[in-house]
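Me: I'd like to learn how to read a structure feature by feature. Could you walk me through one?

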Amino acid sequence: MSFIKRKFIISAAVVVIVAFFGGYSYFRLTHFNRQVSINGLNVGGLTAAQALNKLKNYHVSQTVYLKGEVLEHHQRSSSGFSSQDLAKIKQLVKKQRTFLPSAKDRQFLLEPTANGDQQTKSVQAELKNHLSQLNQKRQAPVDAQAVFSYGKVSITAPKNGNQYDVAQLLKQYEKQQYLPKVKLAVKYLQPLKASSSQVQKEKQKLLELKPRMVTYQVQQTKYNLSTKDLLKKAVYQNGKYYFVETNLNDKINQINQKQATLGKQINFKTNDGKTVQVPSGGTYGWSLNTNQAADHIEKAWLTNNNSLNAKADIYGKGYLTYGLGYDNLTNDGIGNTYAEVSIAAQQVWLYKDGQQVATSNIVTGKHSTGEDTPKGVWYIMYKQSPSVLKGSEAGNANYSVKVNYWAQFTSSGCGFHDASWRTNWDKTAYLNDGSGGCANTPSDKMANIYNNLSQGEPVIVY
């Protein structure tokens with residue numbers, strides 16, 4: 001073979017080889033290997049453009065598994081891929097490139113540029129709702145918790161539950177959301193441990209309650225109300241103290257039994273020096289509002305305020321609801337200014353600062369018809385001059401009479417008033433010819449009685 005012919009053959013072979021390797025190299029540069037998938041779809045042997053086209057037309061049928069069991073099934077109307085994703089797919093071609101053909105399984109997850117479409121949001125919301133519904137029938141974990149009780153702080157033990165950790169499961173889904181099969185590993189909500197910073201902070205905050213005490217002054221008596229004696233259970237959560245259970249109501253009720261005067265039977269020294277028992281049930285007096293007082297004491301504990309006056313917590317009944325006689329420390333809480341009504345004597349006496357200032361005969365409620373003037377400790381609700389009295393009584397279903405002076409002292413409508421129409425003023429008139437419950441007073445004496453009565457003044461009827 002001639003030299004020229006040999007040279008030609010070699011040159012041709014070189015060209016063929018170069019062309020082959022050139023074409024091969026180009027193919028390897030622009031095509032995916034055989035076992036490559038994007039979002040679960042095989043794109044082996046395809047160019048970036050071909051892979052994109054396949055992905056664009058891939059309507060994902062997605063199944064979500066939890067613990068190997070089907071949790072949900074979704075059918076997407078669109079893969080979400082568009083021409084905007086070509087550059088990303090070219091990068092994957094480059095990333096998976098090998099010089100020699102590779103059968104290695106390569107799986108890529110690629111988020112479409114148009115991510116955030118309503119389909120994706122809808123699927124995530126549906127999954128979250130489904131997991132939340134499942135949790136309603138499952139046991140929630142119980143956190144360790146610091147608890148204050150009678151001056152001591154302890155930490156309760158945590159308890160495991162079987163509720164799903166929805167947030168963690170959703171994070172798993174987000175990483176697989178474009179795959180046809182989403183496999184979620186079970187994650188349960190975990191309780192806080194006793195050693196956690198949160199529980200330790202709770203413990204420290206509760207220890208701060210230990211030395212707190214409020215001096216609660218009721219009239220001249222002081223009560224030292226401490227957390228270690230009266231705070232049965234307290235916790236600290238979300239930056240706030242919560243008093244779950246206290247013995248404050250019992251303590252306040254004890255104070256009321258000892259000192260409050262509202263509605264209580266009293267021992268009363270009468271005009272003639274005798275001592276009588278006036279029955280309970282009247283409206284005069286004061287009592288501590290249990291709930292309000294407890295609330296104020298709790299707030300004082302919270303703010304570390306060590307002194308409170310109970311006067312802000314009293315209440316009363318009838319026309320004046322703010323409580324009467326709190327500052328009266330004598331005469332069983334009545335004091336030395338009052339009106340005394342004796343049904344047996346049919347007489348009223350008025351006292352100012354312990355001195356008698358007025359008296360008058362009266363006619364009280366008709367005994368034979370059960371319209372007796374009610375016994376008890378009452379108070380002057382209000383005064384009016386002149387006034388029109390309206391009501392009913394035995395034998396008179398609907399009356400309306402004018403009087404010059406009216407001073408009501410019971411919620412049922414009994415009071416002092418002049419009675420110009422009355423002719424029977426005998427001491428026994430009340431038995432069969434008494435009033436409808438009021439204390440009828442002679443017209444010539446009523447002005448003096450009226451002028452010596454004050455709103456809120458006790459009226460003792462016995």
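Predicted model: local features only at pLDDT ≥ 70, side-chain atom pairs only at ≥ 80, totals over all residues.

Me: Is threonine 30 buried, exposed or partly exposed?

Reply: The general idea is a pair of cut-offs: buried means under 20% relative accessible area and exposed means over 50%. Threonine 30 has a relative accessible area of 23%, so it counts as partly exposed. Setting aside residues up to four places away in sequence, threonine 30 touches Leu46, Thr47, Ala48 and Val93. Alanine 49 is 19 residues from threonine 30 in sequence, and their C-alpha atoms are 9.6 Å apart.

Me: Which residues of helix H2 are buried?

Reply: In H2 (residues 48–56), they are Ala48, Ala51, Leu52 and Leu55. Their arc around the axis is only 100 degrees, so they sit on the same side of H2.

Me: Now a hairpin, please. In what sense do S6 and S7 pair?

Reply: Strand S6 (residues 145–149) and strand S7 (residues 152–156) are antiparallel, with 5 bridges between them. Serine 149 is opposite lysine 152 of S7. There are 2 residues between the strands, and tyrosine 150 has a positive phi near 50 degrees in this hairpin. S6 is largely enclosed by the rest of the structure, because 4 of its 5 residues are buried.

Me: What should I keep in mind when I look for a core?

Reply: In soluble globular proteins, nonpolar side chains tend to be buried together. In this model, the largest nonpolar core has 29 residues, and Leu209, Tyr216, Val218, Leu288 and Trp301 touch the most other members. Elements that give two or more residues to this core include S6, strand S9 (213–218), helix H8 (248–259) and helix H9 (290–303). H9 gives the most, with 5 residues.

Me: Which residues does leucine 209 touch?

Reply: Not counting residues up to four places away in sequence, leucine 209 touches Phe148, Thr227, Leu231, Ala234, Tyr241 and Phe243. Apart from this core lies another, of 23 residues, including Leu350, Phe409, Cys414 and Ala439.

Me: Let's finish with H9. How many residues does it have, and how far does it reach?

Reply: Compare the span with the one expected at 1.5 Å a residue. H9 has 14 residues and reaches 20 Å from first C-alpha to last, close to the expected 20 Å.

Me: Which residues of H9 are buried?

Reply: Thr290, Ala293, Ala294, Ile297, Ala300 and Trp301 are. These residues cover an arc of only 120 degrees around the axis, so they share the same side of H9. On the other side of H9, Asn291 and Thr303 are exposed.

Me: And what about the ends of H9?

Reply: At the N-terminal end, asparagine 289 caps H9, with a side-chain oxygen 3.3 Å from the backbone nitrogen of asparagine 291. Just after H9, asparagine 304 takes a positive phi of about 60 degrees.

Notes. Residues numbered from 1 in each chain as written. Heavy atoms only, no water. Buried < 20%, exposed > 50% of the residue type's maximum accessible area, 1.4 Å probe, protein only. Pairing = 2+ DSSP bridges. Core = buried A, V, L, I, M, F, W, Y, C linked by side-chain atoms within 4.5 Å. Contact = heavy atoms within 4.5 Å. Expected span 1.5 Å × (residues − 1). Arc of directions from axis to C-beta. Polar contact = N/O pair within 3.5 Å; in protein donor to acceptor, adjacent residues only side chain to side chain.
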